[in-house]
Amino acid sequence: MTFFDLLWDGKSMTYDHSFAMEVAKVVVLISMGIFVVNIILSVIVYFLLKPKKMKEVGQINITDSFFDVKQEKKPMSAIIVESINIVLFWFIIGPLAIALVGYSVFNLIHSWLCGFLIFLLGIFGILVQIWRNSQFWKNKSFKKRYISAAIYFKYLLAFELTTVIFFSIFLPLAFQKGCLCVYNKAYGVDTFLDLQFSTKWTRSNWLPDEVCPKGTLCHIYATLPEETSKEVFINVHSGTDIDELNAQMKFQDSKINIKCDKIPFPSSVEERGQRNVFTCFFTGLQSYTLYDVDLIYKEKVLNSTKYRTIAEQYSDDDLVILFGGDWGYQTKGLMIVDQISKVNPDAILIGGDIAYDNGNVHCYYSFDLLLQVFETQFIKVGRLIPFIFSVGNHDVGFNDYAKYNITVSNERGPLYFTYFPQRKSADNTVLPIKNRVTFNIQKMQNLLLFGLDSGYLYPHNGTQSEWMISILKNESYATFNKFAHYHVPIYPTCYNNKSFMNSWDNLLQARAIWVPLFDQYEFVGAFENHVHQYKRTFPLKANKKSEKGTVYFGDGSMGIRSVNCEDESKTYLPGRPFDDIFETVITNNSDHFWVLKSYGKNQTIDFNAFQPDYTYIQNSTYVVNARERKIKIDL
């Protein structure tokens with residue numbers, strides 16, 4: 001815990017303030033450093049002037065040439081040091097103004113307040129500069145010294161005042177509603193480390209006037225609650241003029257009609273990004289059945305599509321899940337999406353860092369891009385393919401912000417919660433945004449999927465682990481083949497101890513709390529992400545190889561840049577903690593996705609790994625038997 005963590009402890013702060021707080025810490029530190037230098041130089045000037053001070057009282061007047069004054073009345077060293085001091089003082093004002101812009105960009109203060117504070121800072125800087133220069137008129141009263149200095153430097157001060165007014169207006173307007181997203185090459189200005197920056201102003205040049213046009217449904221996609229064979233969330237984004245929505249699912253002569261829930265959308269998002277969001281929760285469906293879905297506004301069908309429910313337990317129907325993590329709107333990420341129509345999965349699982357919006361509602365277009373490219377594949381396969389998600393660091397904040405309180409709300413989102421319901425309420429309705437959590441389960445055919453939170457909103461222990469234990473002890477779930485998916489790996493191929501979310505401490509927490517549950521309840525596999533590499537472990541139990549153990553798949557490189565792991569951070573090298581547990585590791589060009597196939601008739605589960613062009617990498621076959629479990633590896 002640092003001094004600045006005490007000043008900015010994050011209490012009561014909402015999620016999108018965290019990055020601005022980190023920026024503020026840096027620039028305030030810079031300003032404080034310059035301020036210390038400023039004081040030291042002021043003391044030096046004082047002592048340089050002190051020997052001549054008494055002799056020069058009353059000898060300078062406003063008609064004297066300033067250069068003559070410098071040459072004849074002041075030591076040159078004092079003039080130089082004081083000039084440097086004045087420049088440095090403006091370097092104090094500059095970072096503080098940048099901090100204010102950062103707060104405005106990341107929505108901590110309103111843009112007009114930011115501009116006003118920058119103006120006050122600038123005026124303060126000018127007044128301090130006049131006061132410093134007034135030392136050349138020591139024989140006059142304080143007021144006359146100020147007036148004399150202001151008149152003498154009137155052109156310089158006029159320029160500075162004009163500059164202050166310009167930046168106090170321009171900076172807040174230019175950087176209003178800022179978005180710093182990652183791996184999004186479609187929009188934004190490239191900065192560093194694949195970060196793209198945009199503002200309301202820049203987006204006006206890139207995005208249409210209405211991202212979700214009036215009178216249309218711009219996105220239709222599905223997410224899954226626990227009972228996937230009987231229930232589904234159909235989610236819809238519409239133009240702002242469509243203020244209500246009804247939906248109908250029909251199969252042969254069976255019809256189910258419902259009124260969709262309108263989900264609050266942040267009003268702070270600029271007008272071009274505004275839309276209405278609806279969630280249509282259907283229950284009482286038949287398993288593995290292809291339904292027609294009509295979306296209706298004022299008795300007019302606006303869109304018709306299809307949705308197939310998931311197979312139920314013990315059925316002969318198969319289950320196919322395409323899964324991975326850390327997806328980005330980049331060349332290889334788009335290549336992976338193009339394979340969806342070839343795989344034709346029943347569901348798509350992404351284990352965090354879904355759209356890299358960094359939990360900022362003004363990065364809304366990151367989700368628009370994600371949904372658009374996936375929806376093109378839904379059209380090709382002729383039906384909606386439901387999403388399953390677990391939460392990543394870039395879904396709820398800029399990076400490792402578990403130390404801050406992340407407040408989920410209607411106005412601030414994050415949009416991860418606004419867009420993707422994955423749990424229903426106790427009374428069989430859609431949960432309000434503020435009640436949505438980051439750990440869920442889905443029953444899919446013979447599989448039970450645990451979506452877990454790696455410590456972003458909920459720590460490994462406590463509420464989350466208690467929930468896991470209550471599910472695992474419930475006999476109604478005992479016969480399912482169990483899987484977990486989460487963001488930060490328990491067995492990473494690379495780790496950085498400078499970051500809590502990828503540090504040894506985080507890893508040890510997961511190993512201490514989750515791994516014993518995986519072992520005790522015989523989890524078949526765990527889908528890990530975050531590290532942007534490819535790995536598959538041998539079956540592990542108690543952190544050692546075991547035929548009846550859990551296989552850990554990873555590590556989240558679904559079409560984005562592979563992490564350049566330094567040798568000292570590689571965990572799989574000889575003599576390192578995990579030198580004998582990895583069956584396969586790929587660190588360069590590691591983009592990949594996995595396809596899980598659970599066969600209903602022969603009780604076999606296949607895991608196939610593919611490159612973005614659908615080139616086969618390797619396979620694992622899991623054979624389920626009443627008496628034994630085993631892993632068959634085919635390379």
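**A look at a predicted model**

User: How many bridges join strand β18 to strand β22?
Analyst: Strands here are DSSP runs of E with at least two residues, numbered from the N terminus, and two of them pair if DSSP finds at least two bridges between them. β18 covers residues 525-527 and runs parallel to β22, residues 551-554. The number of bridges joining β18 and β22 is 3.

User: Thanks! What kind of model is this?
Analyst: Residues are numbered from 1 along each chain as its sequence is written, and side-chain values use heavy atoms, without hydrogens and water. Local features need pLDDT of at least 70 and side-chain atom pairs pLDDT 80 or more, while totals for chains, interfaces and linings use all residues, as this is a predicted model.

User: Which residue is the bridge partner of alanine 526 in β22?
Analyst: In general, strands of a sheet pair through backbone hydrogen bonds, either parallel or antiparallel. For alanine 526, the bridge partner in β22 is tyrosine 552.

User: Which strands stand at the edges of the sheet?
Analyst: The open sheet has 7 strands with mixed pairing, in the order β15-β16-β17-β18-β22-β19-β23. Two strands each have a single partner, so one side of each is left without a neighbour in the sheet. They are β15 (440-444) and β23 (582-586).

User: And is asparagine 303 buried or partly exposed?
Analyst: Asparagine 303 sits in strand β11, residues 300-308. Buried means under 20% relative accessible area, exposed over 50%, and partly exposed in between, using a 1.4 Å probe and protein chains only. With a relative accessible area of 24%, asparagine 303 is partly exposed.

Conventions:
Helix = DSSP H or I, 4+ residues; strand = E, 2+ residues; numbered from the N terminus.
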